[in-house]
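The sequence and the structure are shown first.

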Amino acid sequence: MDPSQFLQDTRTHICSRCRQRLFAKTTNVPEIRCPACQSLASITNTKADGRFSSIVSQVVQNFKNTFSRRFYRQDTDTKQHNSLNCNPSPLKLSSSRTSRSDQRPRKRELLIGVTYKNDDDKLTGTVNDVKNMRSLLIDYFSFHPQNILVLTEEETDPTLIPTKKNIEISLKWLVKDCRAGDSLVFYFSGHGSQEPDLNLDEHDGFDESICPVDYTTEGMITDNYINTTIVWPLPKGVTLHAIVDACHSGTILDLVHVYDRQ
């Protein structure tokens with residue numbers, strides 16, 4: 001519905017005789033009968049009403065435009081894509097630096113969005129999720145773009161596609177040479193699944209896992225691997241925030257303790 005029409009339909013009128021508030025069911029009638037005193041009240045669409053509706057409509061449109069520019073979330077990912085990684089990428093930049101831990105950035109982020117665009121079970125919006133998370137970290141938490149590693153299928157660099165091999169390499173990059181005081185972020189948006197627990201360490205008999213883009217041929221990445229790679233190696237004093245938007249992700253880090261809502 002047009003905002004100006006909505007405002008026009010819901011505006012009230014006052015009976016000039018008894019001051020009863022009157023509601024017009026439609027704007028196509030010239031008069032309203034007051035239910036209290038039975039007198040007729042005329043309805044006129046004045047120029048002031050038109051100006052008021054026009055102003056409010058403009059405010060609503062300006063808000064929509066501002067909101068759409070600030071956030072990237074849409075029903076489908078945008079077709080045009082610019083790399084979300086700096087050039088060179090954090091992976092290449094890290095390999096070119098000295099291995100001294102005191103020169104390592106104190107904040108690192110790994111953001112992964114998988115659409116599975118060539119599969120029947122493809123997802124929409126995961127790349128936009130990554131864009132939103134990246135903007136949030138930069139704009140509100142002072143993370144530097146050169147320290148944010150992003151893996152999506154839209155990247156042209158083959159090392160930045162969210163394959164199983166690339167995700168495993170990136171998880172190791174996230175925690176490499178970290179020390180007390182560092183802040184790490186791991187974000188994944190994509191499919192999650194379960195597979196039989198071969199180590200017999202799960203109460204339900206299943207390991208949780210995330211699905212890389214090539215999971216049908218290369219397999220999934222289990223909670224055991226994630227825990228071994230980015231949880232247990234962390235020195236004391238390092239902060240890791242992990243946000244996994246996928247099915248079966250409640251225990252995807254395989255932590256010793258879990259939150260009980262009861």
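## Terms and basis

Two strands count as paired if DSSP finds at least two bridges between them; the strands themselves (E, at least two residues) and the helices (H or I, at least four) are DSSP runs numbered from the N terminus. The model is a predicted one, in which local features need pLDDT of at least 70 and side-chain atom pairs count only at pLDDT 80 or more, while totals for chains, interfaces and linings use all residues. Residues are numbered from 1 along each chain as its sequence is written, and side-chain values use heavy atoms, with hydrogens and water left out.

## Strand E5 and its partners

Strand E5 spans residues 107-113 and pairs in the parallel sense with strand E7, residues 183-189, over 7 bridges; within this pairing, isoleucine 112 has phenylalanine 188 of E7 as its bridge partner. E5 also runs parallel to strand E6 (residues 148-151), to which 4 bridges join it, and here leucine 110 stands opposite leucine 149 of E6.

Of the 7 residues in E5, 6 are buried, where buried means under 20% relative accessible area (1.4 Å probe, protein chains only).

## The β-α-β unit

Together with helix H4 (residues 126-141), E5 and E6 make a right-handed β-α-β unit, right-handed meaning that, with the strands pointing away from the viewer, the path from the first strand over the helix to the second runs clockwise.

## The chain as a whole

The chain contains 7 helices and 11 strands, and 39% of its 262 residues are buried. Among contacts (heavy atoms within 4.5 Å) with a separation of 6 or more, 65% are between residues 24 or more positions apart.

Definitions and conventions: Buried < 20%, exposed > 50% of the residue type's maximum accessible area, 1.4 Å probe, protein only.
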